[in-house]
Amino acid sequence: MPDGKYSVQHSVTIQEKRNSLKYKVLTSAETNVLSGKTRSFEDIKGNFDGLSAKIRNFIEKSADLCKPSQLYICDGSEEENTQLLQLLVENGVAKPIDKYQNSYLVRTNPADTARVESKTFICTPDKYTSVPRTKSGVTPSLGNWISPEDMEIAVKERFTNCMVGRTMYVLPFSMGPVGSPLAKIGIQLTDSPYVALSMRIMTRMGAEVLKVLGDDDFVRCLHCVGTPKSGVHENPLWPCDPERTIILHKPETNEIVSYGSGYGGNSLLGKKCFALRIGSTIAKKEGWLAEHMLIMGFTNPKNEKMYLGAAFPSACGKTNLAMMTPSLKGYKVECVGDDIAWMRFDKDGILKAVNPENGFFGVAPGTNSKSNPIAMETIKKNTIFTNVASTSNGGVFWEGMEEEVDLKETTITDWKNKEWDHQSNAAHPNSRFCTPAAQCPIIDPSWESPEGVPISAILFGGRRPEGVPLVYEARDWKHAVLVGASMRSEATAAAEHKGKMIMHDPFAMRPFFGYNFAHYIEHWVSMEKEGRKMPRVFHVNWFRKDANGKFMWPGFGENTRVLDWIMRRCNGEDVAVETPIGWVPKPGSINLEGLENPPNMEELTKVDKEFFLKELDQIEKYFDDQLTTDLPETMKDELKRYRERLSKY
Ligand code: OXD
Ligand code: MN
């Protein structure tokens with residue numbers, strides 16, 4: 001029997017339950033006397049008057065607009081966490097996963113399962129601060145712009161009275177270790193307890209952040225799950241308004257406004273919205289980099305350790321690489337982060353990186369004890385699962401877990417809360433686990449180091465079934481910027497795209513640029529300065545397929561062999577040959593020892609002139625269509641040099 005039942009009755013129960021929470025409740029009269037102001041909410045949990053004037057102001061302005069019935073200032077405590085989890089369970093929104101300690105499963109409205117790139121906007125007075133000038137007749141693909149006037153209209157239309165009868169949760173959070181010079185603080189207001197609980201995992205959230213913030217400014221984040229115009233929620237357990245969903249960013253005032261979706265990428269505003277979109281605009285102003293990159297430590301048998309950053313598009317294996325179990329003896333991987341890196345050159349010219357996040361919001365399908373045993377260990381406690389399937393013996397299930405669950409002995413309830421028919425997807429392809437980074441068994445000892453870890457190499461990569469070699473190194477920094485800007489990859493389920501077409505995804509940042517991509521390229525080029533030790537830059541492709549559609553490289557733990565080659569290259573070993581696309585492995589330089597079915601390395605490292613000439617045509621067309629006159633001169637020069645090298649090859 002599927003767990004939980006949707007009924008309109010629930011929305012009433014939710015409100016009753018909220019009202020029965022054991023808050024230290026002040027009456028509206030009491031709070032009004034305390035602040036000398038008229039407020040639109042009736043009850044408050046937490047010390048409103050202990051907040052800074054800037055925060056109070058933000059809350060009051062937002063509450064005036066949204067008219068929540070209650071205010072709940074989150075302190076991030078264990079007690080608060082338990083209380084909110086209990087609320088979700090009692091209301092039927094979350095189901096405990098008995099096999100794992102303190103872990104829960106939430107199923108969303110099937111119309112709210114992924115990031116909505118088409119409804120995500122950057123707001124600036126001048127359009128071309130946000131997006132490049134595209135060729136006329138071409139659909140822009142590097143972000144959407146909205147004017148301040150239209151943003152105001154969009155907000156008013158959706159947010160006016162949007163929280164009547166609901167609680168507004170106040171979440172003070174730090175992106176980056178609390179107090180680190182590389183960290184930044186935000187305050188998120190949301191009407192979703194699921195979001196409050198998830199933000200506690202994904203960010204450092206609570207009272208200690210307020211202490212560090214003092215009277216300083218912060219990134220303002222306002223989120224509401226919304227209500228459809230009809231007033232009727234298709235699924236009252238997961239209120240949302242897919243038709244009017246909108247995600248807005250205003251870099252000028254460091255504001256994020258998100259309406260209509262509870263799905264992580266749209267609602268956990270510290271992640272994509274702050275750490276990447278607003279983060280990249282702050283980084284540009286302050287001279288650093290906010291990137292869609294994992295950060296990992298890699299140690300060889302000589303005990304030499306290096307840190308790498310790696311930018312792969314969504315759902316291309318960043319989490320798997322960041323937590324890789326090396327197949328070769330004596331190597332060690334330690335994880336600093338699996339999705340986002342904030343990187344800054346220090347006074348000695350070393351590039352230092354912090355992971356601004358506090359947890360992993362990983363794609364579940366495909367994760368198993370073979371592909372990522374470390375992730376499987378990490379999620380065994382304190383985890384919120386979203387849109388995975390559940391098993392009749394109290395566990396979770398998704399595609400890829402077939403060997404871990406006895407499918408004959410257990411009944412599976414799919415992500416839509418129906419008995420699984422063994423034909424459709426048991427879990428949604430973009431279903432997720434949200435789990436604290438600190439409990440990852442291979443978390444790096446320096447993962448919370450306030451000054452960050454030193455980055456020696458950066459990897460770009462994507463899913464390229466054809467033509468692109470296993471690994472190559474960029475010739476120099478400007479060429480590296482071209483390699484990043486030219487990234488392409490097969491589409492995945494993390495956003496609303498359909499099919500398996502090869503999409504351009506420059507720097508794996510296409511959905512996350514906070515400003516005009518042409519200016520972003522210039523910013524990357526400007527990173528190279530006298531006295532700075534620039535990281536070495538590589539491109540990797542684990543996803544090459546043969547004529548029968550079979551992967552040519554074993555991937556996962558065997559990627560150690562590629563990282564080993566990269567490390568040797570960084571250490572100055574003679575392991576590479578020059579080609580027009582960069583430096584590729586010399587024959588025999590990648591260690592294949594112990595591989596049962598040695599792959600065809602000649603094919604995997606080959607540079608096919610015809611393939612790359614076509615690829616270059618595509619890239620030039622893309623720049624021409626999407627950036628037109630905005631394309632920086634440095635990139636035009638790089639493209640010219642690249643074509644010359646290829647034609648001579
Ligand atoms: C993610 C994404 O959720 O990139 O990390 O979509
Ligand atoms: Mn991501």
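Reader: Which residues point one way from E14, together with Leu294?

Author: This is a predicted model, and the answer rests on its coordinates. In a regular strand the side chains alternate between the two faces of the sheet. In E14, Ile295, Gly297 and Thr299 point the other way from Leu294, and these residues are buried.

Reader: How many of the residues of strand E14 are buried?

Author: Strand E14 covers residues 294-299 and is mostly covered. A residue is buried when its relative accessible area is under 20%. The number of buried residues in E14 is 6 of 6.

Reader: Which residue of E15 is the bridge partner of Gly297?

Author: E14 and strand E15, residues 305-311, pair in the antiparallel sense over 6 bridges. The two strands form a hairpin with 5 residues between them, and Asn303 in the turn has a positive phi of about 70°. Within E15, the bridge partner of Gly297 is Tyr307.

Reader: Which residue of E16 is the bridge partner of Met296?

Author: E14 is also joined to strand E16, residues 332-337, by 5 bridges, and these strands run antiparallel. In E16, the bridge partner of Met296 is Cys335.

Reader: Which strands stand at the edges of the open sheet of 5 strands?

Author: The order of this sheet is E3-E4-E20-E24-E19, with mixed pairing. Each edge strand has a single partner strand, so one side of each is left without a neighbour in the sheet; the edge strands are E3 (94-96) and E19 (359-363).

Reader: By what angle are neighbouring strands of this sheet turned against each other on average?

Author: The angle is taken with direction ignored. On average, neighbouring strands of this sheet are turned against each other by 20°.

Reader: Which residue of E24 is the bridge partner of Phe385?

Author: Strand E20, residues 384-386, and strand E24, residues 432-436, run antiparallel and are joined by 3 bridges. In E24, the bridge partner of Phe385 is Phe433.

Reader: Is Thr245 buried or exposed?

Author: Thr245 is found in the loop between strand E10 (219-224) and strand E11 (246-250). Its relative accessible area is 7%, so Thr245 is buried.

Reader: Which residue has its backbone oxygen 3.2 Å from a polar atom of the side chain of Thr245?

Author: Leaving aside neighbours within four places in sequence, Thr245 is in contact with Val116, Lys119, Tyr259, Gly260 and Ser261. The backbone oxygen lying 3.2 Å from a polar atom of the Thr245 side chain belongs to Gly260.

Definitions and conventions:
Residues numbered from 1 in each chain as written. Chains lettered and ligands numbered in written order. Predicted model: local features only at pLDDT ≥ 70, side-chain atom pairs only at ≥ 80, totals over all residues. Heavy atoms only, no water. Buried < 20%, exposed > 50% of the residue type's maximum accessible area, 1.4 Å probe, protein only. Helix = DSSP H or I, 4+ residues; strand = E, 2+ residues; numbered from the N terminus. Pairing = 2+ DSSP bridges. Axes fitted to C-alpha atoms, helices over the stretch in contact; angles between N-to-C directions. Contact = heavy atoms within 4.5 Å. Polar contact = N/O pair within 3.5 Å; in protein donor to acceptor, adjacent residues only side chain to side chain.
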